[in-house]
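Let's work through a few exercises together. Have the sequence and the 3D view at hand, and try each task before you read its solution.

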Amino acid sequence: MAPAADTASLAADFCVGTLGVSSLTASYRRIMRREVVDVCILIFLADVVVGVQSPIFALYTTSLGASLGMLGLVTSVLGLARLASALPAGVISDRLGPKTVLIAGMALYAFSFVLYAMAPAPAWLIVPRVLQAGGMVATFPMGVAYIGDVVEARDRPAAIGVYTAAMGSGFAVGPLIGSFVGSAAGYPAAYAVGAVIALAGAAFAWWRLTGRKLPAPKGGAPGRLVDLPALLSLMRHPTIVMACVANVAMTVSMTGAIFTYFPVYARGVGISTVTIGTLFAWRAIASASGRIPMGPLSTRLPAHWTLAAVLVVEAVIDFSLARTSSPLLLTLLLVIEGIGFGVFLVSSQAAVAGTGGTATRGAAVGIFWMAGAAGEVVGLVFVGVVAQYLGLLAVFEAVAATAIISACVVAGLGLLGAQDSRQHARIEVAAGDHAHNPPE
């Protein structure tokens, strides 16, 4: 028979585990309400729209007569436009409310897809590409800002986990629609279908989403569109800087190594196009499935350690991808990378959404997405130069080194932020004691 102390210990462990499961269940029960479900449906539709054009854009552009150089130029416009518009979209969201910006984002998708379908030449695709970028920064990050407004802080990470899972699921459906309609009825028809879905999403957002009641300006005077001191303070916040550094490094890895040069490497070692597509499909499934459980966990794991660990894993995967030709091993590596990206997405966005208050949350997520866009632009140039002068293998090594360095920076910023928080807490406690015990 076990001693009484051991029995008590086992009972305590069981109670803790039961409470943990009950807390997790209660968290999901609280967030699965209209406001969260509706924004998840909207973001699912938004990623369906983006997914519609992902498998056909390059084919459509070249069918209009674009050279490979022109294709690269038109493709890069998306990242540049996202870089320029992410922060303004966040500032406008803080001013007008996320609902207004989300509706506008879906309308921009619809307008851009109509212009895509009507383009007579490759150069004409630049305008809808810019509009699509505006739609992207007005939907995906602003949905996180919307969740920040309607969900309590304790349940926010769980809600963001469900939100990002819905987003990933939409991107799994969209390419199927785009490739099927494009092959059956032509590429313009696929863009027309995307425009209809986007319009339906805009109508849904107008009908179902909850608008924020904006505070009246003090003294009856119109408020400033941009609170520059608050914005600069937000940009210097250790958590925002940490999340942005991690986002740049992750985007350089994904855009540069995995999505751009890994398919080239895979074809070079004899892996078919269909198999490459299957590898990425497994990655997408793994990424979406890992986001829901990560939501509640992110409240218990320090963001800086989580993001640093994900970047270290990303570096190991980047280094390993170009050192095997086994489809099974490559699938396993991409599945792990997809799970890591899901963890990164939830943890980083939960940290950013928690940093920005009601008045600056849109700007906070806008800064975060602006960093991702910068990583996309810089990453493509960086890995392109490395590939041109040092070869394909060096791309994966350089990206892995970048991820390791960024992991160290993220961990350092996280420790700095934690130290500052403890110091401020000690100062506040001391000030409180002094106030209660004034000198005689």
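**Exercise 1: Confidence**

Solution: Start with pLDDT, the predictor's confidence in each residue, from 0 to 100. Where pLDDT is low, the predicted coordinates should not be read in detail. For the protein, the mean pLDDT is 80, and 81% of residues reach 70 or more.

This is a predicted model, where local features need pLDDT of at least 70 and side-chain atom pairs count only at pLDDT 80 or more, while totals for chains, interfaces and linings use all residues. Residues are numbered from 1 along each chain as its sequence is written, and side-chain values use heavy atoms, leaving out hydrogens and water.

**Exercise 2: The largest core**

Task: which residues touch the most other members of the largest nonpolar core?

Solution: A nonpolar core is a set of buried (under 20% relative accessible area) Ala, Val, Leu, Ile, Met, Phe, Trp, Tyr and Cys residues joined through side-chain atoms within 4.5 Å. The largest has 94 residues, and Tyr-109, Phe-140 and Phe-344 touch the most other members. Helix H6 (residues 126–150) gives the most to this core, 11 residues (helices are DSSP runs of H or I, at least four residues, numbered from the N terminus). Finally, leaving out residues up to four places away in sequence, the residues Phe-344 touches include Met-250, Leu-307 and Phe-368.

Notes:
Buried < 20%, exposed > 50% of the residue type's maximum accessible area, 1.4 Å probe, protein only. Helix = DSSP H or I, 4+ residues; strand = E, 2+ residues; numbered from the N terminus. Contact = heavy atoms within 4.5 Å.
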